Amino acid sequence: MKKFIIITTALSIVFLSIFLFYEPTAERYSSSFSPRTLYWGVQGQDVRTVQDKLLRWRYYDGEVDGVYGARTYRAVRKFQAKNGLNVDGIVGPSTANALGMATTSVAASTQGVNRKADEYLLARAIHGEARGEPYVGKVAVAAVILNRTKSPSFPNTVAGVIYQPLAFTAVADGQINLTPNKDSIKAARDALNGWDPSYGCLYYWNPATATSKWIWSRKVILKIGKHWFGL
């Protein structure tokens, strides 16, 4: 009987330790803290719901097809402007709530939840844009995104900056949807905690692959790995 009690107690301690100290993997992190954000290029029933609502409210004049394209983008911006929301053309938590689409995840508006959502979205951007770069280069990419949120020339939210049309290759080619690794998550966390290896830069690019002539007009501040960072 004593042996049974000892084994049961030991198993209980192990179970409680796992429950209390288990750190979620990236996949669990994603499902807990990264509610689906709708932006140009995504498809699905939730996009169809947005289109249907905006059509009924006379903001949207296209087909309700579940594809977030130019007409949906313009309609969302009109809705946001009319309702005093941040005009970025993205259906994030605030816009979803105004559309009457809030879920438990979207409706949660405490600073802690918002911080986690931004952290994971940043990690996805880092993983899509800077895989294979030095760790400091990953943090610098995240810092550029955060610096843009503070500039009047860009949207003032992490999601708004990342999903701004044609702003990042990882969004255009779908790599933003890859599961970030631990380094990318840690880099996002370090950037959010104030580390800025870019020293305030608003742009970065790979000179070997950059196709925009305009980007060469930017002043280069420093180079990290394959990326150049500038203003």
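This is a predicted model: local features need pLDDT of at least 70, side-chain atom pairs count only at pLDDT 80 or more; totals for chains, interfaces and linings use all residues.
## Overall architecture

The protein chain contains 11 helices and 3 strands. Read from the N terminus, the order of elements is α-α-α-α-α-α-α-α-α-α-α-β-β-β. Of the 231 residues in the protein chain, 40% count as buried.

Contacts in the protein chain between residues at least 6 apart in sequence were also examined, and 56% of them join residues at least 24 apart.

## The largest nonpolar core

The largest nonpolar core holds 52 residues, and the members that touch the most others are Ile 162, Tyr 163 and Phe 229. Two or more residues each are given to this core by helices H3 (45-56), H4 (70-82), H7 (111-130), H8 (135-149), H9 (158-162) and H11 (182-192), and by strands S1 (203-205) and S2 (220-224). Helix H8 supplies the largest share, 7 residues.

Helix H8 is mostly covered, with 13 of its 15 residues buried. Its geometry agrees with expectation, because 15 residues at 1.5 Å a residue should span 21 Å and the end C-alpha atoms of H8 are 22 Å apart.

Asn 147 is located in helix H8. Asn 147 counts as buried because its relative accessibility is 13%, under the 20% cut-off. When neighbours within four places in sequence are left aside, Asn 147 is in contact with Asp 196, Ser 198, Gly 200, Cys 201 and Leu 202.

## Strand pairing and His 227

Strands S1 and S3 pair in the antiparallel sense over 3 bridges, and Tyr 203 stands opposite Gly 230 in S3. Strands S2 and S3 also run antiparallel and are joined by 4 bridges; here Leu 222 stands opposite Phe 229 in S3. The hairpin of S2 and S3 has 2 residues between the strands, and Gly 225 takes a positive phi near 60° in this hairpin.

His 227 belongs to strand S3 (residues 227-230). With a relative accessible area of 7%, which is under 20%, His 227 is therefore classed as buried. Excluding residues up to four places away in sequence, His 227 touches Glu 129, Ala 130, Glu 133, Val 141, Tyr 204, Trp 205, Asn 206 and Leu 222. His 227 and Tyr 203 are 24 residues apart in sequence, and their C-alpha atoms are 9.9 Å apart in space.

## Salt bridges

Side chains of opposite charge can pair when their charged atoms come close. The model has 4 salt bridges. In one of them, Arg 56 pairs with Asp 52, with the closest N and O atoms 3.1 Å apart. Both residues lie in helix H3, where Arg 56 and Asp 52 are 4 residues apart, about one turn of the helix. Asp 52 is partly exposed, at a relative accessible area of 32%. Another salt bridge joins Lys 186 and Asp 190, whose closest N and O atoms are 3.5 Å apart. Because Lys 186 and Asp 190 are 4 residues apart in helix H11, about one helical turn separates them. Lys 186 is partly exposed, at a relative accessible area of 43%.

A further salt bridge links Glu 119 and Arg 115, with the closest N and O atoms 3.6 Å apart. These two residues are separated by about one helical turn, because Glu 119 and Arg 115 are 4 residues apart in helix H7.

Definitions and conventions
Residues are numbered from 1 along each chain as its sequence is written. Side-chain values use heavy atoms; hydrogens and water are left out. A nonpolar core is a set of buried Ala, Val, Leu, Ile, Met, Phe, Trp, Tyr and Cys residues joined through side-chain atoms within 4.5 Å. Buried means under 20% relative accessible area, exposed over 50%, partly exposed in between (1.4 Å probe, protein chains only). Contact means heavy atoms within 4.5 Å. Two strands pair if DSSP finds at least two bridges between them. The expected span of a helix is 1.5 Å times one less than its number of residues. A salt bridge is a side-chain nitrogen of Lys or Arg within 4 Å of a carboxyl oxygen of Asp or Glu.
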